Amino acid sequence: MMRLRACTARVVNAMRAIIWSFAAASLALLVPAPRIGIAHSDHQAGGPAAAEARAAPPAPAGNERWRARYFPNVPLVTHAGKTVRLYDDLLKGRRVVINLVYTQCQDLCPLETARLVQVQRLLGEGVGKDIHFYSISIDPERDTPAVLKAYMEKYGVGPGWTFLTGKKADIALIAKKFGLSSITDAADRDGHLPSLMVGNEPAGLWMRNSAVDNPRFLATKISTFLLGREAEGLLSSESYAQARPIEGLEAGSYLFRTRCAACHTIGGGDGIGPDLAGVASARDRAWLARYIRTPDKVLAGKDPIATALFARYKGVRMPNLRLGDGDVELLIRYLEAQARHEPQRKASAGR
Ligand code: HEC
């Protein structure tokens with residue numbers, strides 16, 4: 001497969017070379033014949049085209065011309081209300097992590113944002129210096145700078161991460177250029193894929209990644225891809241000697257870590273959402289199942305518990321993560337099992 005692709009690339013390159021030499025030849029025909037006299041010296045030095053090349057300013061180094069041409073330099077407005085240009089101000093010469101969001105989204109985006117907040121924390125001070133984070137709204141009419149700013153505060157977004165809005169058509173073009181829009185969009189209630197583009201703009205290297213991966217994995221992947229050797233030491237690495245034994249890798253725990261832990265702890269205090277220690281005994285089981293499966297519907301139905309929680313957690317919504325009944329059952333069993341282990345967990349929590 002790889003060989004086939006390399007081969008195709010070679011054929012394409014060869015064809016490109018042929019097309020270019022044709023283009024150069026026809027251009028040469030269009031250039032008016034130089035006057036005699038000048039023509040003489042020009043001929044010695046390789047003709048008028050060569051003379052022109054000598055006089056022209058040096059061509060942009062390496063792939064710079066390609067880069068500026070590929071990315072539309074459209075204006076966007078930051079959460080702070082500043083107008084910036086996509087290429088000149090946000091991308092040029094930078095290493096970046098970009099995703100699409102919209103603040104009204106109730107499915108995967110809240111998890112995506114919460115997950116990236118974890119990644120940002122893991123990357124520490126490098127964010128804003130070595131690596132720039134950008135979240136671009138695909139609902140720019142509603143997501144004004146003020147709305148974006150409030151959203152950032154709710155999720156605890158740190159410095160070095162800019163939220164952006166702009167004209168709908170410009171943003172659609174950006175999404176397309178970054179490969180963040182896809183034909184599945186229309187079918188997807190979220191309207192976009194939970195993906196990140198991670199790019200080293202000066203090097204022209206880009207990678208697409210799921211935005212909801214394990215945060216430590218994402219942080220490592222982003223920093224090694226973008227910074228290479230410079231990344232060493234950026235992520236605080238603990239010794240294996242300090243590693244806790246891996247808790248049961250059973251399905252419930254896995255689901256909790258991948259879908260819930262970006263916002264919730266069990267016994268570790270409030271995060272973006274409430275600490276879930278003891279929730280399995282505090283709430284009715286059927287309510288819990290309904291709430292975990294369709295929190296948006298429970299809240300919309302003016303359920304008093306959901307309404308009170310929503311008010312208490314600064315208006316961040318518990319997202320509808322489209323879990324199946326089986327997954328919800330596994331999660332509840334996991335929450336119940338954690339409650340049974342609670343005394344032990346408390347005893348070992350001081351570490
Ligand atoms: C993007 C953050 C986020 C994610 C991800 C998330 N939650 Fe929540 N959750 C919240 C918030 C915020 C609340 C508080 C209610 C509200 O504001 O809607 C909440 C409330 C809850 C409650 C109610 C707590 C109580 O006291 O009754 C339960 C239970 C819960 N979440 C379980 C889960 C489970 C299970 C998952 C994973 C499948 C999950 N949550 C994923 C943010 C999140």
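Colleague: Which residues is Val97 in contact with, leaving aside neighbours within four places in sequence?
Modeller: Ile131, Phe133, Leu196, Val198 and Ile222. Bear in mind that this is a predicted model.

Colleague: Where does Val97 sit?
Modeller: Val97 is in strand β3, residues 95–101.

Colleague: Is Val97 buried or exposed?
Modeller: Buried. Val97 has 25 C-beta neighbours inside 10 Å, and 20 or more count as buried.

Colleague: How far is Val97 from Arg208 in space?
Modeller: 9.7 Å, C-alpha to C-alpha. In sequence, Val97 and Arg208 are 111 residues apart.

Colleague: OK, the largest nonpolar core. Which residues touch the most other members?
Modeller: Val97, Ile136 and Ile222, out of 50 residues in that core. The largest share of this core comes from α6, with eight residues.

Colleague: Where does this core lie relative to the domains?
Modeller: Between domain 1 (69–231) and domain 2 (248–346), because both give residues to this core. There is also a second, separate core of eleven residues, Ile266, Ala280, Val298 and Leu335 among them.

Colleague: Switching to the ligand. Which residues come nearest?
Modeller: Pro110, Cys260, Cys263, Gly273 and Met318, of the 27 residues around the ligand.

Colleague: How do the residues of that shell divide?
Modeller: There are 22 nonpolar, two polar and three charged.

Colleague: Which helices supply at least two residues each?
Modeller: α6 (108–123), α10 (251–260), α12 (285–293) and α14 (304–312).

Colleague: And why does the ligand shell lie between the domains?
Modeller: Because domain 1 and domain 2 both give residues to the shell.

How values were computed. Residues numbered from 1 in each chain as written. Predicted model: local features only at pLDDT ≥ 70, side-chain atom pairs only at ≥ 80, totals over all residues. Near = placed C-beta within 6 Å. Helix = DSSP H or I, 4+ residues; strand = E, 2+ residues; numbered from the N terminus. Nonpolar A, V, L, I, M, F, W, Y, C, P; charged D, E, K, R; others polar. Domains from an automatic or database assignment. Core = buried A, V, L, I, M, F, W, Y, C linked by C-beta atoms within 7 Å. Buried ≥ 20, exposed ≤ 12 C-beta atoms within 10 Å, placed from the backbone. Contact = placed C-beta atoms within 7 Å.
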